[in-house]
2 protein chains.
Amino acid sequence: MNSQEYDTLDKLLRRIHNLGSVSGLLGWDELVNLPADSADQRAEQSAAMAQVCHAASTDPELGQALNALEANIDSLNEEKRIVVREARKDFDRSAKLPVEYVQRKARLDSAAYHAWAHAKQNSDFSEFAPFLQKQVDAAKEFATYLGWEDRAYDCLIDLHDPGMDAATIDGLFSELKEELVPIVGHIVNASTKPDTSIFRNFPIEEQRAFLNEITAALGFNYKRGRIDESLHPFCGGNGADIRMTTRFDKDNPLDSLFSAIHETGHGMYEQGLPLDQLHNALGQAAGMGAHESQSRLWENQVCRSRAFWNRYESDFRTRFPQQLDGISSDALYLAINSVSKNPIRVDSDEVTYNLHIIIRFEIEKRIFDGSLPIDGVPDAWNSLYDELLDIQPRNDAEGALQDVHWSSGSFGYFPSYCLGNMLAAQLWYTALEQLEGLERDIEKGEFSRLLSWLREAVHSKGKRYPLNALAIEAIGSALSPKALIAYLKERYLPLYTQP
Amino acid sequence: MNSQEYDTLDKLLRRIHNLGSVSGLLGWDELVNLPADSADQRAEQSAAMAQVCHAASTDPELGQALNALEANIDSLNEEKRIVVREARKDFDRSAKLPVEYVQRKARLDSAAYHAWAHAKQNSDFSEFAPFLQKQVDAAKEFATYLGWEDRAYDCLIDLHDPGMDAATIDGLFSELKEELVPIVGHIVNASTKPDTSIFRNFPIEEQRAFLNEITAALGFNYKRGRIDESLHPFCGGNGADIRMTTRFDKDNPLDSLFSAIHETGHGMYEQGLPLDQLHNALGQAAGMGAHESQSRLWENQVCRSRAFWNRYESDFRTRFPQQLDGISSDALYLAINSVSKNPIRVDSDEVTYNLHIIIRFEIEKRIFDGSLPIDGVPDAWNSLYDELLDIQPRNDAEGALQDVHWSSGSFGYFPSYCLGNMLAAQLWYTALEQLEGLERDIEKGEFSRLLSWLREAVHSKGKRYPLNALAIEAIGSALSPKALIAYLKERYLPLYTQP
């Protein structure tokens, strides 16, 4: 009997997946193709699809199938139990929310986004504050519906990284922070000064050809995906049809390249999930942190390395001979690994980036534990930037208003970026240990052994494990900042000589 | 009370429109963007959307609203009555079909398409014949469900061109045929021989830039649409977001150009429909013939004219200076208006094209009146080609298997192409009469008066009128081949000198 109910579950999950992937494609098309004046119709289309997807996700038949399967859960094999467990989580996340709440939240998201954009333009946090307060309240209400009671922030973290919580992250970030602040101090005080002004007038067509060459060499399957352009790079779709984007600036060839490599890391994770299970937990990514570990590992550990540039510097110079004329290999490599103090997270390098995240986590934590009122956010922000990065934001636009995330109530999202950096470094050192000659592979432009290893260690696991358990499966130990610290020291300290 | 029911109707029509337009975008993306191996997922997505769209189109609430509105139809103003009338037609077309029939037809379409493709490859009509028979039977069954009894072919024609029927078309085509055969004879026996071999090595980027210039000049609003590439050019979307395509061949710059102009004609029609009514009959095109009248008018009457090339020849030569070096204006103009006997409809010119259509209509008519058994189609085809075009197809692939339409049971579709050509010529002569100096406009690259006139005469009318009534509204007389004959004689007889 359970077999028939499992088939029903499978059928309904496929339907949710198919309709959801159509919604995803609408979103991709909006950012890549939409004509300038066609946003009105796209809003109507997206709303109609949201309604259809919500109806599919809360289909009472799905609830009945889950009830029946759970009543007799021991009759299912382990894989099916995982599918049921995650389908239950997803079902509850949709079905436990009152329709009134869902509609109110959609209106709030829209109003808060516009308020944030306006406040940022005016660089006036107080304009945004009442909307931020409403988003915090809505997030707490959400957590209550899902049964998390007063652990709202943990509920939100769990949305992005199953099994993680604020206390665990706090421990990890404290350890990281302590080591990272002196590393940044070392770098900014160094006599070595990277010169990024060498990147001028790099023709777009050559940038495009170079990043196509690199991303294909890394192992992205272009028969199951493509790369286009958008204002902000992203990776959409799923392993059956990945839609990545990058962006081009003739004076910043590293931006298009490393954006493309970053999204390729995301894309190859999706392409490594089992293709026949994309509609259930076995074929879905483990979470945001795990996803970010893949994009970061390829972007940073692999493609900013000396080994990688030993292989590709000549190809790069062939495409941009005049632009790089007279620039030494060392100067080029240093510019690729430039570190500097920047108040803006998205413009920052892989070293300081983690401190930007730690600051956001600290503020979210204090908001949700009640120790920081909303109108205290800018002061808290500025004093944390001063303390950890010796940066004094000139205004709210450069400070607490810089990121879009809070306007949609996406709390608990920022930590994933840094958790991903930690896991990336841990995976990297484990791969180096287990794959003899890995750096020689990279020096030859050979990435297949590393990709296969990641497929086995991470991709093939789907959503079986919470983040920490996934780390233990993949590398034999839980998440820790130690590998990230070691990696940053190893890569950056020798590069930046002291005066 | 009716006002509330009309609001319900309006809401449900918007929903059908939004979901349908998402399905349309999926189809566009499939032909323009889909990665090589991602068709499997697209098939699943399209099937899920088809189910959602069908459910919306047959929503019992919609049937109830229509019943209530029809019971009290006199209380509605004329526009609302039109909306109700067409919504009823659409509702019945979905709701009167048994689910079993819809599913069987979908399977038949898929099987018949593959059988056709295979039969065409083997050039063996007998492989396709049983599937064609099943499609004819399914079409008759469809007509019966919709209450057309034994007038199945008229039912199918009415699907594409509301109000048209086989007897009317037969009369129009007979008159056209009689005049057209001698015109083709005049041209093919002429001593003038266009040389299309002058089109060699026209760089794609310059072709693209030229057609962008032309289509924008004609009046296509690129803020509500775009043009991309696909294997076969088409125009999808609606006035809120038009998605046109063309295709490029460095040895055939006229193909990319005139395909783009043709699709621009379709696109400008859609853009001329009232934007706030796209979800109902007031904002939808009158039918296939009316649509084709727009694409053909811009493609042929306007953009193959001497006036047009007087304006744009120099721009064309600026983009392709070496390629056109030594080619006279007359030789270029003749090549642009090349007429030749070609067994393939899609490769034929605007003169012979009409005879290709007349042949298909004749065969469909005979199939549906029972006078032509399916296995007699190839012989009937070949003898009609011999009689009307002095063409002897070498095999079935070049003959009765060349078009895809019948594999999906799209009978009654072909006539629209020729009805569109007739209406285009009628509109053209009326515009010439009513807009003094129109050809001088075109000679200056000024198309706005013509476009405004078409907006008023055709676009703004939506689906208010059946095709013949639309013609009467627009030009004061019913559809007739006379203008098309006059236009072809005027354009082509002087160009092709007798020996």
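Predicted model: local features only at pLDDT ≥ 70, side-chain atom pairs only at ≥ 80, totals over all residues.
Accessible areas here come from the Shrake-Rupley method with a 1.4 Å probe.

Figure 1. Chain A exposes about 20,100 Å². Of the 499 residues in the chain, 57% count as buried.

**Figure 2. The overall fold of chain A.** The secondary structure consists of 20 helices and three strands. The radius of gyration is 23 Å, close to the 23 Å that the globule rule gives for 499 residues, so chain A is as compact as a globular protein of that length. Along its principal axes, the C-alpha trace spans about 70 × 50 × 50 Å.

**Figure 3. Contacts within chain A.** The contacts considered here join residues at least 6 apart in sequence. Of these contacts, 73% link residues at least 24 apart.

**Figure 4. Charged side chains of chain A.** There are 50 positive and 75 negative side chains. The centres of the two sets lie 3 Å apart.

**Figure 5. Helix α14 of chain A, residues 353-369.** This helix has 17 residues. From its first C-alpha to its last, α14(A) reaches 25 Å, close to the 24 Å expected at 1.5 Å a residue. Buried residues make up 15 of the 17, so α14(A) is largely enclosed by the rest of the structure. Buried means under 20% relative accessible area.

Key: Residues numbered from 1 in each chain as written. Chains lettered and ligands numbered in written order. Heavy atoms only, no water. Helix = DSSP H or I, 4+ residues; strand = E, 2+ residues; numbered from the N terminus. Rg over C-alpha atoms; globule rule 2.2 N^0.38 Å. Buried < 20%, exposed > 50% of the residue type's maximum accessible area, 1.4 Å probe, protein only. Contact = heavy atoms within 4.5 Å. Lys, Arg positive; Asp, Glu negative; His and termini not counted. Charge placed at Lys NZ, Arg CZ, Asp CG, Glu CD. Expected span 1.5 Å × (residues − 1).
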